[in-house]
Amino acid sequence: MSEQPQVEYPAQMQIKVVGYATPLFEQQVSQVAGRHGSAIPAGADLRQHQSRTGKYRSLSFIFIAASREHLNALYIDLEACDQVLWLL
């Protein structure tokens, strides 16, 4: 068995969220990130990709996690959003 590498916190993490291609999706992701201290300014450090059919969208942003618990709390809150389908 291999050991997982230790992460030193605070650490920059790239978060990728996939959801429905609606304005509400981006709003929910931005609000959750802001509550966890990683406000996403409009158009800054937010990469977007639309699915071929236009039904889904992915958002990628940099999150500065103070601890593993901080990162876990972000994931839990993002998973609770009704517009979010997957987290990577």
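The side chains of His36 and Asp77 make a polar contact at 2.6 Å. This comes from a predicted model. His36 sits in the loop that runs between helix H1 (23-35) and strand E2 (46-50). Is His36 buried or exposed? Its relative accessible area is 13%, and because the limit for buried is under 20%, His36 counts as buried. Asp77 is one of several residues that His36 touches beyond its neighbours within four places in sequence.

The aromatic rings are the second topic. A pair of aromatic rings is described by the distance of the centres and the angle of the planes. How many aromatic pairs does a search of the whole structure find? The search finds two. One of them joins Tyr56 and Trp86, with 6.3 Å from centre to centre and 55° between the planes, and is tilted. Tyr56 belongs to strand E3 (residues 56-65) and Trp86 to strand E4 (residues 84-87), so the pair ties together parts that are 30 residues apart in sequence.

Tyr56 has a relative accessible area of 27% and is partly exposed. Trp86, at 48%, is also partly exposed, because this class ends where exposed begins, at over 50%.

Conventions: Residues are numbered from 1 along each chain as its sequence is written. This is a predicted model: local features need pLDDT of at least 70, side-chain atom pairs count only at pLDDT 80 or more; totals for chains, interfaces and linings use all residues. Side-chain values use heavy atoms; hydrogens and water are left out. Rings of Phe, Tyr and Trp (its six-membered ring) pair if their centres lie within 6.5 Å; planes under 30 degrees apart count as stacked, over 60 as edge-to-face and the rest as tilted. Helices (H or I, at least four residues) and strands (E, at least two) are DSSP runs, numbered from the N terminus. Buried means under 20% relative accessible area, exposed over 50%, partly exposed in between (1.4 Å probe, protein chains only). A polar contact is a pair of N or O atoms within 3.5 Å; within protein, one must be able to donate a hydrogen and the other to accept it, and residues adjacent in sequence count only if both atoms are side-chain atoms. Contact means heavy atoms within 4.5 Å.
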